[in-house]
Amino acid sequence: RVEGAEVAPLDRTPLLAGLRVGGPRALVHALRLRSNAELLAAARPQARGRRRKVAALHFSDGSSCACGMGCALDGSCCPPQLSAACDHRAGGGGGDAELPALPRCQNASVGLRARPADARARELTLHNEAHFPAVLYLVDEAGAELEYLTLAPSQAVTFDCAAGDALRARALSGWVLLEIPPAGAALAATGERLRVAACESL
């Protein structure tokens, strides 16, 4: 007998029937089979959910970000808004962590153009909240893009430009993350703070 094992109540009906048909030997055989079955059931290991920590998140555009401690060394850490997905523990089945829903990426606006005549000073601060690098382009009056700078994940940068400048931020895959049209009639005295956020490809 295994200590702590639960034993079902003894059903005497089939045992008595076996005694009448096969005699004492049949009864002893039936009891021996029941005992072996109890031992096997009690000794069977209980399935335990294997716990694992998510090491990285992979996205449909081919990009990824890391959840481990070492990601700070190469700047590959996932942004704070994905911390819940990084902390997700899954069972041994290895199910995917559920990621927060992202807005759809926008198409590039055909009408985004610079206004070179507006040379007023304008200060912009961009914070890349995406889990991947973002490339910032200047858009000229013809709508052509000229690469200006690259923002690493979680990086913020402040720079001066002209009020008539137009800018567009893209992922390395080309998806549009943010568009900044020329400034309106009023400029913020303390500058403008804008966020570059991840989006789901169309």
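A residue counts as buried when its relative accessible area is under 20%, as exposed when that area is over 50%, and as partly exposed in between. The exercises below apply this definition to a predicted model.

**Exercise 1. Determine how many helices and strands the protein has, and in which order the elements run.**

Step 1. The secondary structure comprises three helices and eleven strands.

Step 2. Read from the N terminus, the order is α-α-β-β-β-α-β-β-β-β-β-β-β-β.

Step 3. For the chain as a whole, 30% of the 202 residues count as buried. The protein exposes about 13,000 Å², and carbon and sulfur atoms supply 56% of that area.

Step 4. Among contacts with a separation of 6 or more, residues 24 or more positions apart account for 66%.

**Exercise 2. Describe the open sheet of four strands: state the order of its strands and identify its edge strands.**

Step 1. The order is E7-E6-E9-E10, and the pairing is antiparallel.

Step 2. The edge strands are E7 (145-151) and E10 (176-180), each of which pairs on one side only.

Step 3. From one strand to the next, the twist averages 25°.

Step 4. A general principle applies here: strands of a sheet pair through backbone hydrogen bonds, either parallel or antiparallel.

**Exercise 3. Explain why strand E6 is described as largely enclosed, and trace its pairing with other strands.**

Step 1. Five of the six residues of E6 are buried, and therefore the strand is largely enclosed by the rest of the structure.

Step 2. E6 (residues 134-139) pairs with E9 (residues 166-171) in the antiparallel sense over six bridges. In this pairing, Val139 has Ala166 of E9 as its bridge partner.

Step 3. E6 also pairs with E7, again in the antiparallel sense and over six bridges. Here Val135 has Thr150 of E7 as its bridge partner.

Step 4. The hairpin of E6 and E7 has five residues between the strands, and Gly143 takes a positive phi near 95° in this hairpin.

**Exercise 4. Classify Leu138 as buried, partly exposed or exposed, and list its contacts.**

Step 1. Leu138 lies in strand E6.

Step 2. The relative accessibility of Leu138 is 25%; because this value falls between the cut-offs of 20% and 50%, Leu138 counts as partly exposed.

Step 3. Leaving aside residues up to four places away in sequence, Leu138 touches Ala144, Glu145, Leu146, Tyr148, Ala166 and Leu167.

Step 4. Arg113 is 25 residues from Leu138 along the chain, and the C-alpha atoms of the two are separated by 9.4 Å.

**Exercise 5. Describe the open sheet of three strands and explain why one side of each edge strand has no neighbour in the sheet.**

Step 1. The strands stand in the order E8-E5-E11, with mixed pairing.

Step 2. E8 (156-162) and E11 (192-196) stand at the edges; each has a single partner strand, so one side of each is left without a neighbour in the sheet.

Step 3. Direction ignored, neighbouring strands of this sheet are turned by 30° against each other on average.

Step 4. E5 and E11 pair in the parallel sense over five bridges. In this pairing, Leu126 stands opposite Leu194 in E11.

**Exercise 6. Characterise the surroundings of Arg122: is the residue buried or exposed, and which polar contacts does its side chain make?**

Step 1. Arg122 belongs to strand E5 (residues 121-128).

Step 2. Its relative accessibility is 6%; because this is under 20%, Arg122 counts as buried.

Step 3. The side chain of Arg122 makes a polar contact of 2.8 Å with the side chain of Glu192. The Arg122 side chain also reaches the backbone oxygen of Pro181 at 3.1 Å.

Step 4. Beyond residues up to four places away in sequence, Arg122 touches several residues, including Phe159, Asp160, Cys161, Ile180 and Leu187.

**Exercise 7. Identify the residues with the most contacts inside the largest nonpolar core, and the elements that give two or more residues to it.**

Step 1. The largest nonpolar core has 20 residues, and those with the most contacts inside it are Leu126, Leu136, Phe159, Leu177 and Val196.

Step 2. E5, E6, E7, E8, E9 and E10 are the elements that give two or more residues to this core.

Step 3. Apart from this core lies another, of nine residues, among them Leu57, Cys67, Cys78 and Leu82.

Key:
Residues numbered from 1 in each chain as written. Predicted model: local features only at pLDDT ≥ 70, side-chain atom pairs only at ≥ 80, totals over all residues. Heavy atoms only, no water. Buried < 20%, exposed > 50% of the residue type's maximum accessible area, 1.4 Å probe, protein only. Polar contact = N/O pair within 3.5 Å; in protein donor to acceptor, adjacent residues only side chain to side chain. Contact = heavy atoms within 4.5 Å. Pairing = 2+ DSSP bridges. Axes fitted to C-alpha atoms, helices over the stretch in contact; angles between N-to-C directions. Areas by Shrake-Rupley, 256 points an atom, 1.4 Å probe, with all protein chains shown as cover. Core = buried A, V, L, I, M, F, W, Y, C linked by side-chain atoms within 4.5 Å.
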